[in-house]
Each structure stands twice: as C-alpha cells, then as structure tokens.
Amino acid sequence: MKSWSPYVLLTVLAIALDQWIKYMVETGLAFQEKVDLVPFLALFRTYNTGIAFSMFSSFGDTGLIVVSLAVVAFVLYLATRTPSGHVLARTGFALIVGGALGNLIDRATYGHVIDYILFHTPVWSFAVFNLADAFISVGAVLVVVDELIGWRHEAKPEA
C-alpha cells in the first residue's frame with residue numbers, strides 16, 4: 001500500500017480542492033452571470049445535468065451515477081495493473097479518479113455538476129467546465145504520454 005500512498009493523497013487533495021472551489025462558486029458567484037478575469041477567461045456558474053458537454057443527460061441522476069462509478073472502477077482496475085515505475089500513468093489515474101469522484105459528489109448531492117470556468121472570445125466560447133473536468137483531462141493526457149514513452153522505449157531495437 002505504501003507505493004499507492006502518494007496517489008491516494010493526490011486523489012483526496014483533488015477531490016477536496018474541487019469541492020472547496022465549487023462551494024466558493026456556489027456561495028459567491030451569481031448564477032449564469034459572466035465575470036471576466038482576462039479577455040479570454042471568465043467565471044460563469046452554471047449546472048451540467050449530463051456528463052461532458054451535457055451528453056447523456058437523458059440517463060438521469062441514477063444512471064449517470066452508475067456510469068460514473070463504473071468508470072471509476074475501471075480506472076482503478078487499470079491503475080492496479082500499472083507497474084510502480086509508471087509514475088505519469090499512476091498520477092494520471094489518480095487525477096482522473098479524483099475528478100470523477102468530485103463530479104460524482106455534485107451529482108449525488110445536487111442532481112447536477114457545478115461548472116464555472118469559461119474560455120471564450122468575442123465570437124466563440126468553449127463549454128463551461130470545472131476543476132474536476134480539468135483534472136480528468138490532465139490525467140488522461142498523462143496516461144497517454146506515459147503510454148507513448150513506454151511505447152518508444154519498447155520500440156527501440158537492442159544494440
């Protein structure tokens with residue numbers, strides 16, 4: 001278990017930070033009123049009743065909770081099968097699980113996920129998301145990068 005301690009701690013910290021920021025957003029930011037931070041980044045509190053980009057909102061709360069738990073279980077399964085030397089992948093899995101559980105807490109508590117980060121230009125805007133979504137995305141990139149690094153090492157011919 002000792003080798004998993006840093007990753008468990010990272011997961012717990014990701015959940016705690018995500019939930020703390022969402023609490024601050026819920027208590028201090030007006031609903032669906034844009035607060036520009038810089039020309040391309042704003043805070044914009046809204047609710048997501050689906051998964052990414054509001055997909056699968058027709059599944060309902062219970063269905064999405066089940067899907068989220070299945071994804072977390074699958075990611076944990078992959079993490080346990082990852083050798084200890086794959087620090088990037090294990091870090092990525094920890095961030096994915098932390099982000100997924102952070103959003104799962106919202107869904108189970110409120111029936112929706114609290115989103116608040118908006119990248120935009122005067123004529124375009126990206127979907128509103130939250131820190132948990134960013135953890136999931138960064139975690140996925142780390143897992144892919146770890147796989148690419150491993151693939152490159154395996155692909156090199158022995159001299």
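## Basis of the model

Buried means under 20% relative accessible area, exposed means over 50%, and partly exposed lies in between, with a 1.4 Å probe and protein chains only. Trp-124 is partly exposed, with a relative accessible area of 48%.

This is a predicted model: local features need pLDDT of at least 70, side-chain atom pairs count only at pLDDT 80 or more, and totals for chains, interfaces and linings use all residues. Residues are numbered from 1 along each chain as its sequence is written, and side-chain values use heavy atoms, with hydrogens and water left out.

## Overall fold

The protein chain has four helices and three strands. Helices (H or I, at least four residues) and strands (E, at least two) are DSSP runs, numbered from the N terminus. Their order from the N terminus is α-β-β-α-α-β-α.

Of the 159 residues in the protein chain, 35% count as buried. The protein chain exposes about 9600 Å², and carbon and sulfur atoms supply 70% of that area. Accessible areas come from the Shrake-Rupley method with a 1.4 Å probe; for residues, only the protein chains shown count as cover. A contact means heavy atoms within 4.5 Å. Among contacts in the protein chain with a separation of 6 or more, 63% come from residues 24 or more positions apart.

Helix 1 covers residues 5-28, which makes 24 residues. From first C-alpha to last it reaches 34 Å, close to the 34 Å expected at 1.5 Å a residue. The expected span is 1.5 Å times one less than the number of residues.

Which residues of helix 1 are buried? They are Tyr-7, Thr-11, Ala-14, Ile-15, Asp-18, Lys-22 and Val-25. An α-helix has 3.6 residues a turn, so residues three or four places apart point the same way.

Gln-32 sits in the loop between helix 1 and strand 1. Its phi is positive, about 55 degrees, although Gln-32 is not a glycine. Gln-32 is partly exposed, at 42% relative accessible area.

## Strand pairing

Two strands pair if DSSP finds at least two bridges between them. Strand 1 (residues 35-38) and strand 2 (residues 41-48) pair in the antiparallel sense over three bridges. A hairpin joins strand 1 to strand 2 through two residues. Val-38 has Leu-41 of strand 2 as its bridge partner.

Strand 2 also runs antiparallel to strand 3 (residues 113-119), with six bridges joining them. Here Leu-41 has Phe-119 of strand 3 as its bridge partner.

## Aromatic pairs

Rings of Phe, Tyr and Trp (its six-membered ring) pair if their centres lie within 6.5 Å; planes under 30 degrees apart count as stacked, over 60 as edge-to-face and the rest as tilted. By this rule there are six aromatic pairs. Why is the pair of Trp-4 and Tyr-7 edge-to-face? Their centres are 5.9 Å apart and their planes stand at 70 degrees, so the pair is edge-to-face. Trp-4 is partly exposed, at 21% relative accessible area, whereas Tyr-7 counts as buried at 12%. The rings of Trp-124 and Phe-126 have centres 6.4 Å apart and planes at 50 degrees, so this pair is tilted. Phe-126 is partly exposed, with a relative accessible area of 36%.

Ring pairs link Phe-40, Phe-119, Trp-124, Phe-126 and Phe-129 into a cluster. Trp-4 has a charge over its ring: Arg-90 lies over the face, at 3.8 Å from the ring centre. A charge sits over a ring if NZ of Lys or CZ of Arg is within 6 Å of the ring centre and within 35 degrees of the ring normal.
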